[in-house]
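Below is a short report on selected residues and strands of one protein model. Please look at the sequence and the structure before reading on.

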Amino acid sequence: MPFVLHPYRRFQIQCPVAYSAGPFNGVGTVWNLSLAGWRLSGDLPMREWETPSLSVTLPNKQRINVPKATVGWSRGNEFAAETNTINPRTMARLQHYVKRLVQGSGLAKEVCCQ
C-alpha cells in the first residue's frame, strides 16, 4: 500500500459500526478515526469506490451517522472510508469529540499511518 498523507490527525479507537451498501448490511469495528475518515473492519467486505452509509457508536456512546462515505482502499474485511456526506450538527459533535482527543483526554492515542 502506498504512503498516504492524511490532512487530519488520526486517532486509535475501538467502537462498533453498522454499515450498508445498497441492500447489503454489515457490522464491525472502527479502529481509527479522523474528521475526514475511518478505518474499519467488518463482516461485509467492501470494494474500493463503494459508497456505504455508516452508523458509528463512539466510545462516549454518541452515535455518528454518515449517510455516504467512499471506500478509499479495501483489504479483505478491512477498509478505509472517507466521510463524504454528514449533517452539519453531526459534524459538530464529531469535531467536539476529536477536540477532546486532541486535548489529551486519554480516550485514544494518535497513530501515524493506516
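With which side chain does the side chain of S55 make a polar contact? The partner is the side chain of N65, at 2.9 Å. A polar contact is a pair of N or O atoms within 3.5 Å; within protein, one must be able to donate a hydrogen and the other to accept it, and residues adjacent in sequence count only if both atoms are side-chain atoms.

This is a predicted model, in which local features need pLDDT of at least 70 and side-chain atom pairs count only at pLDDT 80 or more, while totals for chains, interfaces and linings use all residues. Residues are numbered from 1 along each chain as its sequence is written, and side-chain values use heavy atoms, with hydrogens and water left out.

**Around S55**

S55 is part of strand β4, which covers residues 53–57. Helices (H or I, at least four residues) and strands (E, at least two) are DSSP runs, numbered from the N terminus. Leaving out residues up to four places away in sequence, S55 touches P16, V17, A18, R63, I64 and N65. Contact here means heavy atoms within 4.5 Å.

**Accessibility**

Buried means under 20% relative accessible area, exposed over 50%, and partly exposed in between (1.4 Å probe, protein chains only).

| Residue | Relative accessible area | Class |
|---|---|---|
| S55 | 19% | buried |
| R75 | 41% | partly exposed |
| W49 | 66% | exposed |
| K61 | 70% | exposed |

**Two loop residues**

W49 sits in the loop between β3 (37–42) and β4. Its phi is near 80°, a positive value in a residue other than glycine. K61 belongs to the loop between β4 and β5 (63–66). For K61, too, phi is positive and near 80°, and K61 is a residue other than glycine.

R75 lies in strand β6, made of residues 68–75. The C-alpha atom of R75 is separated by 9.3 Å from that of S41, although the two residues are 34 residues apart along the chain.

How many bridges join β6 to strand β7? There are seven, and the two strands run antiparallel, with β7 spanning residues 78–85. Two strands pair if DSSP finds at least two bridges between them.
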